[in-house]
Amino acid sequence: MKKLFTTTALSLALALSPVLAAAFETGQIFVSTERGNEIVVLSPDYEIVARIETSRRPRDMHFNADHTLLYVACGDDDVIDIIDVATLEVIDSIPTGPSPEVFAFSPDETQIFVSNEEDSVLEFIDLATKTVTARVPTGAEPEGVINSLDGTTVFVTSEVADMVHVVDRATARVTKNIIVGTRPRRFVVTPDGAELWVSDELSSEVHVIDIATLEIKEVHTFLPPGFRPEDVTPVGMEVTADGSKMLITLGRANHLAVVDMADRSSVEYVLVGSRAWAVALTADQSTAIVANGLSDDITIIDMATLRPLQSIAVGRTPHSVVIDD
Amino acid sequence: MRRAFAIVVLVAGLMPATLPAQEAAPEKEAVLIGHVSLLDDPRYVQDWGYARLVVPPPIRSVEGAAMALEDMVFVSDAAGIAPVMEAREAADAAEAAAAVTELSAAGAAFVVLDLPGDMVAAVAEATGDLPVTLINATAPEDWLRAACYPSMLHSGPSDRMQMDSFAQYLRAMGWDEILILVGEDPRDAVMAEVLQASLDRLRLAVVEARPFTLAADPEAREGNNVRLLTGGVDYDVVFVADTRGEFARYVPYATQLPRPVIGSVGMTVQAWHWAMARDGATQVSSRFDRQFGRRMTTQDWAAWIAVKGIITAYTRAPERTRESLTGFMRSAAMRLDGSKGVTLNYRTWDGQLRMPMLLASSEAVIAIAPIEGYLHATNTLDTLGVDEAEFVCN
């Protein structure tokens with residue numbers, strides 16, 4: 001979880017110190033490109049300012065709590081690279097099992113939980129020692145990984161087994177399997193910690209799991225105008241900080257769905273690029289950025305009007321987007 | 001002929017280790033799945049090249065079926081079923097029918113067949129009264145679909161699906177003048193005939209269909225010399241219908257006009273290709289390669305998806321009767337993931353699995369059919385193969 005820097009003293013210090021500010025809240029946008037083997041860095045006004053060469057096939061990315069380091073899972077070299085956000089260079093890497101795809105930090109930032117899609121394992125990695133402390137067998141092709149907000153539970157999807165494995169963090173054991181739709185991909189936990197949203201790419205659904213009971217409480221489907229249900233392949237998700245809107249990329253349907261969380265039957269659709277996957281929000285919630293895997297670009301969306309503003313070519317097969325703000 | 005199948009034993013042996021920690025496991029329902037293949041299947045002979053050159057990759061579809069069992073361990077466990085596969089090899093149609101009969105008697109509701117088309121038909125005729133659904137994984141003949149056996153599904157692509165894929169690609173590329181070279185094997189003529197129907201549907205023109213022969217005598221030079229065979233006319237592309245492949249492999253780079261060669265060589269149409277690198281396909285291929293030390297083929301995929309579909313049905317169908325299971329498999333409710341980017345299910349009219357097809361060279365997937373832009377009233381996958389409106393049961 002990201003800390004919020006709210007003291008005026010710190011804000012003032014940041015405003016006055018461009019050197020220090022480089023490591024904090026630069027507003028820079030980081031896009032991993034699976035086939036480009038690089039992280040493309042864009043300024044807040046969407047100019048490409050750097051291309052960081054990484055290990056092969058960079059995918060999921062997360063900042064550490066104070067945003068000094070960016071971690072990126074590199075699927076074809078079996079490592080998580082660590083990038084210094086100030087210098088925009090890879091400074092270290094953590095070895096993982098084969099083909100790391102998606103990972104999550106424990107809330108206390110002592111552990112990384114990473115899905116290894118080639119050998120069907122959820123790995124627990126101790127961050128201080130960079131050693132694997134547990135390997136939890138999963139169904140084939142594990143992908144999405146996320147913590148419960150209290151940090152006691154890790155959830156991981158298996159794309160082939162069509163289920164969410166509920167893993168107890170303390171014992172590193174699967175405590176429950178929840179059958180969801182076809183090819184479950186990614187997760188979001190609502191800001192109140194009550195709901196786990198799961199995108200089911202091939203059954204065109206999103207399952208909502210009640211985290212307290214671990215039962216499915218809702219199943220959502222989406223259909224932008226002019227598309228057929230089978231075109232809708234939901235993958236990436238993001239929720240606004242106030243929990244009022246859920247953003248879901250619809251893959252081959254080339255749209256972003258925006259669900260009104262108060263009236264969940266109310267959905268708006270925003271046209272984006274080809275095979276929309278990852279989505280991220282700026283901290284002020286004014287802008288959403290969607291990575292389009294087949295058109296090699298990102299789409300900038302104004303959240304007030306829900307209109308796409310522009311698309312920017314970034315590199316080969318954009319996978320994930322994170323924003324340093 | 002009974003065969004102890006090492007992979008199945010291995011899968012069964014792995015199960016306890018990969019099971020998640022749970023409260024005392026309840027009793028699981030045993031689900032027997034049969035697999036029947038032909039001993040020394042002539043379709044899979046590898047060293048058919050002169051001087052016993054090994055040309056095509058090895059094919060053992062039973063290994064695809066075995067991988068599906070392992071892939072689905074967590075699903076089976078969650079559904080409270082314990083699937084086991086029993087694989088039989090038969091020397092002829094009578095033995096294959098006997099194997100199906102025995103598997104049915106042992107409780108198998110589904111048997112996957114990896115047999116040539118005429119044997120599939122013979123087995124279906126001989127076992128039609130038994131409570132068993134046959135899934136034809138590897139015989140592509142359209143007449144098998146049109147035979148409308150009530151208890152048969154087809155998990156591998158039909159000839160027509162393959163030829164429709166070529167036709168869509170040719171139309172999209174603007175290669176609309178086609179020279180066809182046809183061999184002497186009866187299957188070559190079928191291939192050319194089905195291609196003609198596919199080309200007709202998209203208004204593509206056959207410049208000429210010319211028979212070729214492997215005989216090298218000068219009198220037969222019009223049929224054995226590739227430059228003569230491909231000379232005297234203009235065309236955009238050469239299509240070689242050569243099931244055996246011994247002639248086809250000498251055609252690329254040898255044509256009178258510098259034109260691409262497709263069909264049995266060059267660009268081929270497959271249900272699966274090792275170089276497919278989207279939609280999770282690489283993970284499926286690398287699991288297969290790790291387990292069996294070879295690249296996954298169309299036939300392996302067809303057996304894999306057949307078994308995956310059976311287990312999916314046991315998990316999600318309203319009831320576990322054979323009628324309910326097959327009804328589910330032939331409905332839009334089944335959203336089977338074949339790692340080709342869209343969900344799959346069996347067509348109601350002919351029991352054929354809908355699927356995208358891969359147009360591939362030896363080292364890359366060049367295009368995926370349905371080609372973008374081909375639309376259909378209900379499901380774009382139904383632009384490949386005989387559609388409901390034109391389908392007639394014989």
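Predicted model: local features only at pLDDT ≥ 70, side-chain atom pairs only at ≥ 80, totals over all residues.
Residues are numbered from 1 along each chain as its sequence is written, with chains lettered from A and ligands numbered from 1 in the order in which they are written.

**The sheet.** Chain B has an open sheet of 4 strands in the order 7-6-8-9, paired in parallel. Strands are DSSP runs of E of at least two residues and helices are runs of H or I of at least four, numbered from the N terminus; two strands pair if DSSP finds at least two bridges between them. Strand 7 and strand 9 of chain B are the edges, each pairing on one side only. Going from one strand to the next, the twist averages 25°. Strand 6 of chain B is joined to strand 7 of chain B by 6 bridges, and Val182(B) has Pro211(B) as its bridge partner.

| Element (chain B) | Residues |
|---|---|
| Strand 6 | 177–182 |
| Strand 7 | 205–211 |
| Strand 9 | 261–263 |

**Helix 12 and helix 13.** In chain B, 18 of the 19 residues of helix 12 are buried, meaning that 20 or more other C-beta atoms, placed from the backbone, lie within 10 Å of a residue's own. The axes of helix 12 and helix 13 of chain B come within 9 Å and cross at roughly 110°; axes are lines fitted to C-alpha atoms, for helices over the stretch in contact, and angles run from 0 to 180 degrees between N-to-C directions. These two helices of chain B are therefore roughly perpendicular, a label for angles of 65 to 115 degrees.

Methods: Buried ≥ 20, exposed ≤ 12 C-beta atoms within 10 Å, placed from the backbone. Parallel < 35°, antiparallel > 145°, perpendicular 65-115°, else oblique.
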